[in-house]
Amino acid sequence: MIRLVSNHNARLARLLELASKDGYEGICSTRSFNIYYLTGFWGNGIYVNNGSAERLYVSSLESDRARHDSKTNVITYRAGELLDQLSEFFDDRKVACDDNLYMYLEPIFNKIKAKSTDIFERARSVKFDDEISIMKEGGKVMDNVYENTLKILNDGISERDVYATLVGEIIRQGGDVIPYEDTIGTEIVAFGENTSYPHYSPPSERKLRSGDPVLMDITLRYKGYVIDFTRTVFYGRAEDRMKEVYNIVKEAQALGIRTLKPEMNGRDLDSTVREFFGSRKDLFNHSLGHGVGLEVHERPFVSPRSNDRLERNSLITIEPGLYYDGEFGIRIEDSMVVDDPPYLLTNYPKELIIV
């Protein structure tokens, strides 16, 4: 297991400062993403900090692995004793917790004055240097995964065949696949008319034919951190109309990258690209992008409703697309670091490619 958390004290200080500004005297997490962020252990548990001490409570099921991976003092709890242990630890302090209050823990959190807050999401939205370094490595892995998967495209291969190769490449290159709650498949592989569905899933036995657009939306986890990437290429040939739409989407993404500046609002960036599409903007039916990090979708968000500031060293995607129902769709996506100028983590070419 990867032991990350080289900036433990800085991460903790950031969280405690946010909690204090919101009137809290301690912090608590039950989400695996946030526990990993602070301890290096990814699993079920309860991380607590009262401002002067920290602990990671886990069940006996997780205790050995937690002690191996965690940089925090690990305590194995019994369910019947947990309320008293946490009550004593927090001693009537007001506690900021994340948004994953398990039902069976709710009475405990009520007792210790814990309230659900967004401080973990706010803290994680700006990355430390060690996180950015890992994600740069992950971007190189992504480029290799995609390049190797493209090589297998041939007449008659199915979406599921490509999907199997893609997942295998992620694992062979040192990454991990990411399950989604709202799609069956972990990755999107779409041919032809299936590219018109932005969240097409699962891949089918649909066979590849000359003239098909091939859209792959790939997410992988590398050393805990997510890289998100999409390319659309054409097999054998490309119709003039598809070439036109491809170049419009490519220009839209380039505009988004040029426009991105630290401290701008996510809504404004989305609006700039959306308006670029003009009469086609109704065919762009999702947000321009989102934060990436320990989760596939996290703050800051880049959408028509976003009030998030895009702070320097945030990680976001820019992924415009146009979708013609039942015909075809085009999307281009990269993960990038907010800076002046911003820079990409994924660098596979974006010129129109016919394979």
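Mentor: Buried means under 20% relative accessible area, exposed means over 50%, and partly exposed lies in between, with a 1.4 Å probe and protein chains only. This is a predicted model, in which local features need pLDDT of at least 70, side-chain atom pairs count only at pLDDT 80 or more, and totals for chains, interfaces and linings use all residues. Residues are numbered from 1 along each chain as its sequence is written, and side-chain values use heavy atoms, with hydrogens and water left out.

Trainee: Are Phe89 and Phe90 buried or exposed?

Mentor: Both Phe89 and Phe90 are buried.

Trainee: Why is Ser314 called buried?

Mentor: Its relative accessible area is 1%, and the limit is under 20%, so Ser314 counts as buried.

Trainee: What makes Trp42 partly exposed?

Mentor: Trp42 has 21% relative accessibility and therefore counts as partly exposed. Phe33, at 17%, is buried.

Trainee: Why is the pair of Phe89 and Phe90 called edge-to-face?

Mentor: Rings of Phe, Tyr and Trp (its six-membered ring) pair if their centres lie within 6.5 Å; planes under 30 degrees apart are stacked, over 60 edge-to-face, and the rest tilted. The centres of Phe89 and Phe90 are 5.2 Å apart and their planes stand at 80 degrees, so the pair is edge-to-face.
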